[in-house]
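Please look over the complex shown below. The report that follows takes up its fold, its confidence and the contact between its chains.

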Amino acid sequence: MDCERCANDLTAYLDGELSGTRSLEVKSHLEICQPCREEYRSLELTARFVETHVRELQVQPKIWNHVQAHISVMEAPAPSPGLFQLLTMNPWWSAPATVVAAAALVLGLWSYMHNQAVKRDLTQYMTQYIQAREVQEQAHQTQVFNLENTGAEADLIHPEYADNPFVTANSIPDMNPFRSEDQ
Amino acid sequence: MAKRNSKPGGVTVDPAALVRWIKKAKRGDLGAYQKIYDLFARKVLNFIYRMVNSADEAEDLTQETFIAVYQKLESLKDNSKFEPWLFRIARNFVYQKYRTRAPATVSVDALDDDGQPATQLIDARKNPDEAFQAQELENVVQDVINSLPEKYREVFVLSAIRRLSYLEIAEIVGRSLPSVKTDIHRARLEVRKLVKDYLKV
């Protein structure tokens with residue numbers, strides 16, 4: 001190995017980057033060559049000087065805190081969009097969808113109110129009907145009671161036909177097929 | 001000459017454990033990613049710091065680098081190539097931010113509002129004279145690094161300070177191994193020329 005080739009390899013030799021054979025060649029040359037040995041020595045001192053006096057920063061905890069915070073934000077699951085967000089996220093169909101939704105809301109409200117009114121009228125009608133039926137039933141009970149206790153046939157005649165001379169109690173046919181004349 | 005196996009920063013890299021953490025981190029395990037961060041944050045921070053010569057900007061870019069690394073982790077095919085891949089991303093951030101201008105030349109010893117150095121540096125020396133002398137020498141080294149051409153500066157930092165292998169450096173800077181080897185050698189010769197006077201002392 002000549003001095004020029006050795007000089008070019010000295011840094012790699014110093015850094016342990018030469019192959020085994022090449023490293024041995026350099027080592028052998030350095031043992032017999034004083035100038036190359038001095039060159040190597042000065043490179044070694046330079047490397048040591050830099051290593052000794054190089055300034056090293058300490059890692060501040062805030063760096064990891066920022067990294068962690070950033071990563072946590074990146075990994076947080078996105079909130080599922082609500083109806084309003086869906087509408088605002090899709091501008092091409094948001095306008096008609098809003099109109100349809102509003103119309104459905106109005107229709108539903110009208111339908112509900114209409115049903116309530118019908119229900120209220122039916123309840124009122126049924127109440128009146130039940131009351132009338134109760135009055136009729138009470139009148140009928142009174143009439144039957146009077147008939148059973150007085151035997152007055154005239155009471156069987158409806159008050160509406162009381163003045164009618166052609167209407168008699170006997171004129172009302174008894175349609176009961178199971179009742180005989182004796183009974 | 002024995003090959004240097006230890007890496008600066010006092011942290012030993014266990015390749016098998018690192019691969020396990022990477023696999024977990026790919027599945028979203030933030031605890032595993034924090035272990036990876038603890039292992040490499042100081043290396044990345046100081047690599048960027050030497051490239052931009054500003055502690056604040058180095059911290060910002062380190063933060064951005066580790067966020068991007070987490071986002072892109074899934075794209076890392078060979079988990080054993082994590083370190084060069086990480087430094088390549090850090091380097092990209094440096095060049096994205098500083099391609100259009102020279103690295104900052106302001107001193108990192110600028111004082112903050114309380115009159116204390118704004119940058120917290122590692123300095124275990126207690127003697128004021130020693131500390132002053134050491135700080136002077138640190139400034140010398142920092143100035144020497146900053147004075148190197150960009151092409152030499154990054155390979156010098158990665159080899160002489162970060163102690164990455166030449167193959168890893170070639171992957172990071174995207175150049176051939178012989179080209180990187182030549183540039184590292186030239187950078188060392190340049191540095192030697194600049195610190196020559198201090199070596200005599």
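How many helices and how many strands does chain B have? Chain B has eight helices and zero strands, where helices (H or I, at least four residues) and strands (E, at least two) are DSSP runs numbered from the N terminus.

## Basis of the model

This is a predicted model, in which local features need pLDDT of at least 70 and side-chain atom pairs count only at pLDDT 80 or more, while totals for chains, interfaces and linings use all residues. Residues are numbered from 1 along each chain as its sequence is written, and chains are lettered from A and ligands numbered from 1 in the order in which they are written.

## Confidence

Chain B has a mean pLDDT (the predictor's confidence in each residue, from 0 to 100) of 80, with 77% of its residues at 70 or more. Among the elements of chain B, the highest mean pLDDT, 93, belongs to helix H3 (residues 55-72) of chain B, and the lowest, 81, to helix H5 (residues 128-147) of chain B. For the complex, the predictor gives an ipTM of 0.73 and a pTM of 0.60.

Over residues 102-125 of chain B pLDDT stays under 50, and the model has 32 contacts for them beyond four places in sequence; two residues are in contact if their C-beta atoms, placed from the backbone, lie within 7 Å.

## Inside chain B

Of the 201 residues of chain B, 35% count as buried, a residue being buried if 20 or more other C-beta atoms lie within 10 Å of its own, exposed if 12 or fewer, and partly exposed in between, with C-beta atoms placed from the backbone. Among contacts in chain B between residues at least 6 apart in sequence, 61% join residues at least 24 apart.

In the loop between H2 and H3 of chain B lies B:Asn53, which has a positive phi of about 55 degrees although it is not a glycine. B:Asn53 counts as buried because it has 21 C-beta neighbours inside 10 Å.

## Where the chains meet

In the model, 45 residues of chain B are in contact with 32 residues of chain A. H8(B) gives the largest share of the side of chain B that touches chain A, nine residues. By class, that side has 26 nonpolar, eleven polar and eight charged residues; Ala, Val, Leu, Ile, Met, Phe, Trp, Tyr, Cys and Pro count as nonpolar, Asp, Glu, Lys and Arg as charged, and the others, Gly among them, as polar.

The axes of helix H4 (residues 61-75) of chain A and H2(B) come within 12 Å and cross at roughly 145 degrees, axes being lines fitted to C-alpha atoms, for helices over the stretch in contact, with angles from 0 to 180 degrees between N-to-C directions. A:Ile63, A:Trp64, A:Val67, A:Gln68 and A:Ile71 of H4(A) make this contact with B:Leu30, B:Gln34, B:Tyr37 and B:Ala41 of H2(B). The residues of the contact divide into seven nonpolar, two polar and no charged.
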